[in-house]
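Dear colleague,

Please find below the sequence and the structure that I am handing over to you. My notes on what was found follow directly after it.

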Amino acid sequence: MISDTALWASLPVPAFLIDAEDCILDVNSAGEGFLNASCKSVLGHPIWDQIAIDAPIEDALLRSRRDGTPLFVNDIDVGSGNRAPLQCGVQFAHVVGNPGQMLLMLTPRELAGSMTRAQSAKSAAQSAIGMAEMLAHEIKNPLAGITGAAQLLSMNLAQDDLELTDLIVEECRRIVKLLDQVEQFGNLSPPDFQPVNLHDVLDRARRSALLGFGAHMTIVDDYDPSLPMAWGDADQLLQVVLNLLKNASEAAENKHGTIKIRTFYEHSFRLRRSDGTGKTLPLQVEVIDDGPGLPPAIQEDVFDPFVSGRENGTGLGLALVSKIVSDHKGWISVSSTPGRTVFRLSLSRVQRDKKVQE
């Protein structure tokens, strides 16, 4: 016979036992992961100090407690002080034999619809890049000729006319750079999966950013020291983080700003694909900046190729990020408001006994 304690610990969704005053009596393991806090640290605290539910449910909860009936609320944002809101189903149930006590369970929304959109975006990206790759070689050849001709012409021009040839050379180089990015997107090799220490990757990205494009920024870290090893390609994940740091730095428009890199473990994060298969992605990395935020018009499409919020942006950086994360069978999302933009990366961990993916 399985004990109540074992059943409680085995629940795969965050669960909270609350008393008649809405104070926490117990939290299961998945709930600790959702709060990023231990059960001991939150016992006796009001549940609404630990969890924020974006819906007016107080009256409904009062009726549910009074009548001893369950309460179900679907697809609402639930967050805490240590994590961005996540769309969940919320269930309250009366605890039999314990008047006033309620069981609160959170069911993070399955991401099948979002996954389908991500796969569609990936397919669209591959089609666009495939077409661009076919043209890239043919375009580069005449560009090289144009650049060379402009440089030869500049040798016999007066100083006042050099501005025109310099413009030709500069624009040709800009187009070649864009084509190089297109080719890099299309030629990216499959990940070489190995156990990866994410904090080593993040520290390498942080040092590189501070020595280059992010020299004007303050980059701070908030790492979970107990984070287990990830299953991925360290070099490709480094490229992902560098792209996210570069975006955050450019959003500050050369003004001083702050970027926070945060890691944490979330037991309850599970991705379900459109084919019905599921996968746990408990390793979370967030890159948070205090810039102006993404333009509302592109927030839903920011990972599509050639979509950019900057006037001179190519729109390939985040498309490349999305492709790498998709190849890792992971998940990337973004939430953005003025003063706070959060890119969140969710990855697989290495199993304790076998060096393979979960």
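**Helix contacts and surroundings**

Helix H8 passes helix H9 in a right-handed crossing. The residues of this contact divide into eleven nonpolar, one polar and three charged. Please note that the model is a predicted one.

To place this pair in context, the chain contains ten helices and 15 strands. It has 358 residues, of which 43% count as buried. Among contacts in the chain with a separation of 6 or more, 63% are made by residues 24 or more positions apart.

**H8 with H9**

H8 covers residues 198-211, and its axis comes within 9 Å of that of H9, with a crossing of roughly 45°. That makes H8 oblique to H9. On the H8 side, the residues that take part are Leu 198, Val 201, Leu 202, Arg 204, Ala 205, Arg 206, Ser 208 and Ala 209. They meet Ala 234, Asp 235, Leu 237, Leu 238, Val 241, Leu 242 and Leu 245 of H9.

**H9 with H10**

H9 (residues 234-251) also meets helix H10 (residues 317-327); their axes come within 9 Å and cross at roughly 150°. Angles over 145 degrees count as roughly antiparallel, and H9 and H10 are therefore roughly antiparallel to each other. The crossing in which H9 passes H10 is left-handed. Its residues divide into seven nonpolar, five polar and no charged.

H9 contributes Gln 236, Gln 239, Val 240, Asn 243, Leu 244 and Asn 247 to the contact with H10. Their partners in H10 are Gly 317, Leu 318, Leu 320, Val 321, Ile 324 and Val 325.

How many of the eleven residues of H10 are buried? Nine of them are, and H10 is thus described as mostly covered. The buried residues are Leu 318, Ala 319, Leu 320, Val 321, Ser 322, Lys 323, Ile 324, Val 325 and Asp 327.

**The loops on either side of H10**

H10 is followed by Lys 329, which has a positive phi, near 55°. Lys 329 is a residue other than glycine with such a positive value, and its place is in the loop between H10 and strand E14 (331-337). With a relative accessibility of 42%, Lys 329 counts as partly exposed.

Pro 295 is found in the loop between strand E13 (283-289) and H10. Its relative accessibility is 31%, so Pro 295 counts as partly exposed. Although Pro 295 and Thr 337 are 42 residues apart along the chain, their C-alpha atoms are separated by 9.0 Å.

**Helix H5**

Which residues of H5 (residues 58-67) are buried? They are Leu 61, Ser 64 and Arg 65. These residues cover an arc of only 95° around the axis, which puts them on the same side of H5. The face turned away from that buried side carries Asp 59, Leu 62 and Arg 66, which are exposed. Just after H5, Gly 68 adopts a positive phi of about 70°.

**Two further loop residues**

Asp 22 lies in the loop between strand E1 (15-18) and strand E2 (24-27). Its phi is near 65°, a positive value in a residue other than glycine. Is Asp 22 buried or exposed? Buried means under 20% relative accessible area, and Asp 22, at 16% relative accessibility, therefore counts as buried.

Asn 98 is located in the loop between strand E5 (83-94) and strand E6 (102-108). With a relative accessible area of 32%, Asn 98 is partly exposed. The C-alpha atoms of Asn 98 and Asp 19 are separated by 9.0 Å, while the two residues are 79 residues apart along the chain.

**In brief**

H9 meets H8 in a right-handed crossing and H10 in a left-handed one. The contact of H8 with H9 includes three charged residues, whereas that of H9 with H10 includes no charged residues. Positive phi values are found at Asp 22, Gly 68 and Lys 329.

With kind regards

Definitions and conventions. Residues numbered from 1 in each chain as written. Predicted model: local features only at pLDDT ≥ 70, side-chain atom pairs only at ≥ 80, totals over all residues. Heavy atoms only, no water. Buried < 20%, exposed > 50% of the residue type's maximum accessible area, 1.4 Å probe, protein only. Helix = DSSP H or I, 4+ residues; strand = E, 2+ residues; numbered from the N terminus. Arc of directions from axis to C-beta. Axes fitted to C-alpha atoms, helices over the stretch in contact; angles between N-to-C directions. Parallel < 35°, antiparallel > 145°, perpendicular 65-115°, else oblique. Left-handed = near helix turned anticlockwise from the far one by under 90°. Contact = heavy atoms within 4.5 Å. Nonpolar A, V, L, I, M, F, W, Y, C, P; charged D, E, K, R; others polar.
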